[in-house]
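Open the model in your viewer and keep the selection tool ready. We will go stop by stop.

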Amino acid sequence: MLTAYNYELHRDGMLYFAMGDFPATGYISTPPLIGIVSFLIRHTAGYSIFAIKLVPALLGAASLVTIGFLVREMGGRLLAVFIAGMAYLTSVAFLRSNALFQPVSFDEFFWLLTSYLFIRMINRNDEQLWPWLGFVIGIGFLAKYSIVFLVVAWGMSLLLSPYRKMLWSKQLLLGIMIGLAIILPNLIWQYEHDWPVVHHMVELQRTQLVNVTLSGFLSAQLLFHFASLWVWIAGLLVLLIARNERKFRPIAVTFLMVLLILILSRGKSYYTLGAYPMLFAGGGYVMEKYLTGKWRWINFALPVVSVLLLIPILPLAMPVLPMNKMATYCQSVTKVIGPGIITWEDGKVHKIPQDYADMTGWSELAKLTAKAYHQLTPVQQANCHIYAENYGEAGAVHFYGHAYDLPEPISFDDSYLLWAPDSLGSGAFIYINDEVGDIDKLFNTYREIGEIDDVNFRENGLKVFLCTDPKPGAQSFYAAKADELKSMYRR
């Protein structure tokens with residue numbers, strides 16, 4: 001509530017919000033759940049930044065409550081709940097992810113809820129929970145496909161434990177049927193569009209995952225929850241090694257399986273985040289159980305230390321500093337903890353974290369686009385198209401441009417490609433890119449309206465062009481390009 005308006009919406013958040021205007025059972029880069037949530041926001045709160053950012057905050061709160069239930073399921077009492085909850089609350093990674101309207105916050109919650117049900121099933125020897133697991137995993141799949149990693153890890157963990165007999169339960173078959181029924185519409189959509197998730201993963205592997213290194217992956221695991229490192233490490237080691245904690249050993253084994261799967265598949269470091277809350281719960285449980293007597297004071301001292309450690313790194317978790325002070329702050333912090341926090345997906349070191357560079361410049365872009373649009377006559381405006389080179393620019397025109405009555409943007413990036421018209425009329429054209437591109441070949445008249453001047457903006461120097469008087473062949477050029485790109489998603 002205190003930071004909702006400090007920075008603009010993230011480029012990804014604007015894409016996901018736009019999905020609310022195009023309800024479907026699937027999208028190119030994500031399953032449909034976030035689009036459904038966006039539809040509900042759009043038709044209740046409208047274009048509300050607060051409502052959009054409230055959703056991941058509520059998911060974080062729900063995760064905190066679920067951690068408490070998990071601790072109690074393991075036999076922990078109030079002190080254990082407090083330790084585990086403070087570990088979650090002081091995690092830089094969870095504070096950051098629960099401040100962004102992205103599938104990751106949904107994914108983390110469903111990973112935790114799935115793990116809670118697995119642990120409850122083991123603890124109570126209750127195979128009747130398989131249908132509930134099928135339901136939760138099905139919804140989690142519609143949030144983010146990566147929940148498959150967790151399901152595989154839990155399956156391997158059960159196979160290696162005395163609880164393997166639960167895998168032959170008839171209730172498991174019912175759970176699988178429930179899960180398949182939930183995800184079937186999305187699978188059909190994927191099939192009909194020639195499996196966009198595969199295209200997306202191939203592109204991700206080519207442009208981003210190629211920059212993932214083992215050292216960077218492992219060091220990130222330590223930095224994500226630096227302020228409460230001892231809680232999850234205590235949970236991991238004690239549950240893995242202690243003979244009298246064999247009942248909950250699958251928690252530690254599942255976590256290690258998740259790490260192994262993601263290392264082998266070269267997944268991004270933050271893909272592991274959903275596996276940590278169960279270790280927080282395990283850490284709270286073992287610390288309360290074993291740090292007793294003269295050692296009991298540690299259980300109260302360490303959460304205080306966690307808060308004290310969080311305070312100086314809080315700007316890395318939430319947008320509490322003004323944007324123009326982040327670069328100076330990051331320069332100081334990286335001298336202590338290294339450049340990992342400002343290393344972007346391109347593998348290069350920049351001035352501020354990538355997420356923050358994606359949360360500025362968008363409202364200025366909308367203003368420049370509106371400036372171009374309102375230079376047209378009403379007749380020209382009625383036939384005007386706005387083209388953005390990527391989904392971030394298109395999302396900014398969609399979200400911030402509604403205040404200026406701008407038409408829906410067109411882009412060939414991500415799911416905007418599926419929403420783009422197959423052909424265009426011969427009206428005016430507003431082009432958003434960092435260069436002229438092909439517009440000099442397609443229009444007789446074009447001029448630059450302005451460019452973004454924001455050193456913190458990831459696309460600083462982005463330009464807006466107003467194009468009129470299209471040349472012969474401009475419409476056919478667009479139609480051919482649209483057909484070529486859309487053909488990738490046709491069977």
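How many salt bridges does the count come to? The count comes to 14 salt bridges in this predicted model.

**Stop 1: a salt bridge.** Select R11 and E459. Their side chains meet in a salt bridge, at 2.5 Å from N to O. Now look at where each partner sits. R11 is in helix α1, residues 11–18. E459 is in the loop between β3 (443–451) and β4 (463–470). The pair links distant parts of the chain, 448 residues apart.

**Stop 2: a helix pair.** Two packed helices are described by the angle between their axes and the distance between the axes. Select helix α7 (residues 130–143) and helix α8 (residues 147–159). Their axes cross at roughly 150° and come within 9 Å. Angles over 145 degrees count as roughly antiparallel, so α7 is roughly antiparallel to α8. Show the side that α7 brings to the contact: W130, I137, G140 and F141.

**Stop 3: another helix pair.** Select helix α11 (residues 214–224) and helix α13 (residues 249–264). They pack at an angle of about 150°, and their axes are 11 Å apart. That makes α11 roughly antiparallel to α13. The crossing of α11 and α13 is right-handed. Which residues meet here? L214, F217, L218 and Q221 in α11 meet L259, L262 and I263 in α13.

**Stop 4: the surface.** Select Y191, W195, V198 and V202. Together they make a nonpolar surface patch of about 390 Å². One of them, V198, lies in helix α10, residues 196–207.

Methods: Residues are numbered from 1 along each chain as its sequence is written. This is a predicted model: local features need pLDDT of at least 70, side-chain atom pairs count only at pLDDT 80 or more; totals for chains, interfaces and linings use all residues. Side-chain values use heavy atoms; hydrogens and water are left out. Patches are made of residues with over 30% relative accessible area and no salt bridge: like charges are joined within 9 Å, nonpolar side chains (Val, Leu, Ile, Met, Phe, Trp, Tyr) within 5 Å. Accessible areas come from the Shrake-Rupley method with a 1.4 Å probe; for residues, only the protein chains shown count as cover. A salt bridge is a side-chain nitrogen of Lys or Arg within 4 Å of a carboxyl oxygen of Asp or Glu. Helices (H or I, at least four residues) and strands (E, at least two) are DSSP runs, numbered from the N terminus. Axes are lines fitted to C-alpha atoms, for helices over the stretch in contact, and angles run from 0 to 180 degrees between N-to-C directions. Angles under 35 degrees count as roughly parallel, over 145 as roughly antiparallel, 65 to 115 as roughly perpendicular and the rest as oblique. A crossing is left-handed if the near helix is turned anticlockwise from the far one by less than a right angle, and right-handed if clockwise. Contact means heavy atoms within 4.5 Å.
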